Amino acid sequence: MSGGVDSSVAAALLLDDGYDVIGLTMRLWDGEEVNGECQESACCSASAVEDAKYVCYKLGIEHFVMDFRREFEENVIDYFVYEYKNGRTPNPCIACNKSLKFDAMLKKAELLGADYVATGHYAKVELDENSGRYLLKRAAACAKDQTYALYSLSQEQLSKTLMPLGRLENKDETRQIAEERGLITAKKPDSMEICFVPDKDYASFIERRTGDGDIPGNFVDINGNVLGEHRGIVHYTVGQRKGLGVTFGKPMFVLRIDAEKNEVVLGEKGTEFSDTLVADRLNFITFDKLTEPIRVAAKVRYSAKEAEATVEPLENGKAKVTFDTPQRAVTPGQAVVFYEIGGDKVIGGGIIE
């Protein structure tokens, strides 16, 4: 329970369904001091913990706070910094789900005698009686669907996961339930930023974590011709057009970041599209292993529209994804997630290499 409306209502719905429920808040990060002010995490600040505690009191359930700061540091923050320093754009929410919420927290919950971990994610988990496999499916509230960030869950994790908000039609229904229950989180705004970088200044956060200042390098075109000087690769991501810090007389887009050469490769409008990618660290939900080409609807980022593609196995457990229509800003470090065409099942996904 993060202290937000979604996890609050998830707990309430589970009680309605007849479950014995306890509330568990994860202490992930203490925040840091920036310019004399403490920046706290949006999901585990003192006020968020108090909100979660009050909701549990209102619902008549026990509330626990558990310390996961070391696990969060190692599996989320260190990963986030490492990826940016190496020219990739990470997705810390996926890392947190895989390593913290559905691994470390699940183990602690089992020690408390719990059978399941439940979260306020908008997604569905169902058992397919025919295959005996647990499936991850899109939420009824399509606009809030969060399956993109959950593709990496294993069969073991899915078998012990409940997501009661998956059946709600929209976020308004969630807030209405919270209001009817008299929960103080009913009107609490959604948290949109990465929880440990609330000011969205990733470059400054990384500099404070590593002690390394910006290392300027060259903007180059696809032929290696120098176009200007960049501030440091952590300031850029694939597909970026604004905020490059240099004017070129025409719109230029970040096509690639070469950490080894400390170069940012730029191209004109239209060159930011790709029709193929290679993905690594694959996880499949509807089957164990990719052994032959399959057709899917794929997303290359959370906000992207799905696009039909063919996924085929490569050596070393990787996969090649070939899109029917080129996709904008295919970004190394982000996830590519596969859905069934015309359906609601998540087939699996991986990290764009």
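## Strand pairings and helix contacts in a predicted model

Strand β17 (residues 335-339) and strand β18 (residues 346-352) run antiparallel and are joined by 5 bridges, where two strands count as paired if DSSP finds at least two bridges between them. Tyr 339 has Val 346 of β18 as its bridge partner. The model is predicted, so that local features need pLDDT of at least 70 and side-chain atom pairs count only at pLDDT 80 or more, while totals for chains, interfaces and linings use all residues. Residues are numbered from 1 along each chain as its sequence is written, and side-chain values use heavy atoms, with hydrogens and water left out. Helices (H or I, at least four residues) and strands (E, at least two) are DSSP runs, numbered from the N terminus.

Both β17 and β18 belong to a closed barrel of 6 strands, which runs β13-β16-β15-β14-β17-β18 with antiparallel pairing.

An open sheet of 4 strands has the order β10-β9-β12-β11 and mixed pairing. Its edge strands, each of which pairs on one side only, are β10 (226-230) and β11 (252-258), and the twist in this sheet averages 30 degrees from one strand to the next. Within the sheet, strand β9 (residues 217-220) pairs with β10 in the antiparallel sense over 4 bridges, and Val 220 stands opposite Val 226 in β10.

Strand β6 (residues 123-127) likewise pairs in the antiparallel sense with strand β7 (residues 134-138), over 5 bridges, and Glu 126 has Leu 135 in β7 as its bridge partner. The two strands form a hairpin with 6 residues between them, and Gly 132 in the turn has a positive phi of about 75 degrees.

Tyr 134 is 22 residues apart in sequence from Glu 156, and the two are 8.7 Å apart in space, C-alpha to C-alpha. Glu 156 is found in helix α5 (residues 155-159). Glu 156 counts as partly exposed because its relative accessibility is 45% (buried means under 20% relative accessible area, exposed over 50%, and partly exposed in between, with a 1.4 Å probe and protein chains only).

Two helix pairs are set out below. Axes are lines fitted to C-alpha atoms, for helices over the stretch in contact, and angles run from 0 to 180 degrees between N-to-C directions.

| Helix pair | Axes come within | Crossing angle |
|---|---|---|
| α1 (residues 5-16) and α6 (residues 171-180) | 9 Å | roughly 65 degrees |
| α3 (residues 69-85) and α7 (residues 202-210) | 10 Å | roughly 110 degrees |

The angle makes α3 roughly perpendicular to α7, and α1 and α6 are therefore also roughly perpendicular to each other (angles under 35 degrees count as roughly parallel, over 145 as roughly antiparallel, 65 to 115 as roughly perpendicular and the rest as oblique).

In the contact of α1 with α6, Val 5, Asp 6, Val 9 and Leu 13 meet Lys 171, Thr 174, Arg 175, Ile 177 and Ala 178, where contact means heavy atoms within 4.5 Å. By class, this contact has 5 nonpolar, 1 polar and 3 charged residues (Ala, Val, Leu, Ile, Met, Phe, Trp, Tyr, Cys and Pro count as nonpolar, Asp, Glu, Lys and Arg as charged, and the others, Gly among them, as polar).

The contact of α3 with α7 is made by residues including Ile 77, Phe 80 and Tyr 84 of α3 and Phe 205 and Arg 209 of α7. Its residues divide into 7 nonpolar, 1 polar and 4 charged.
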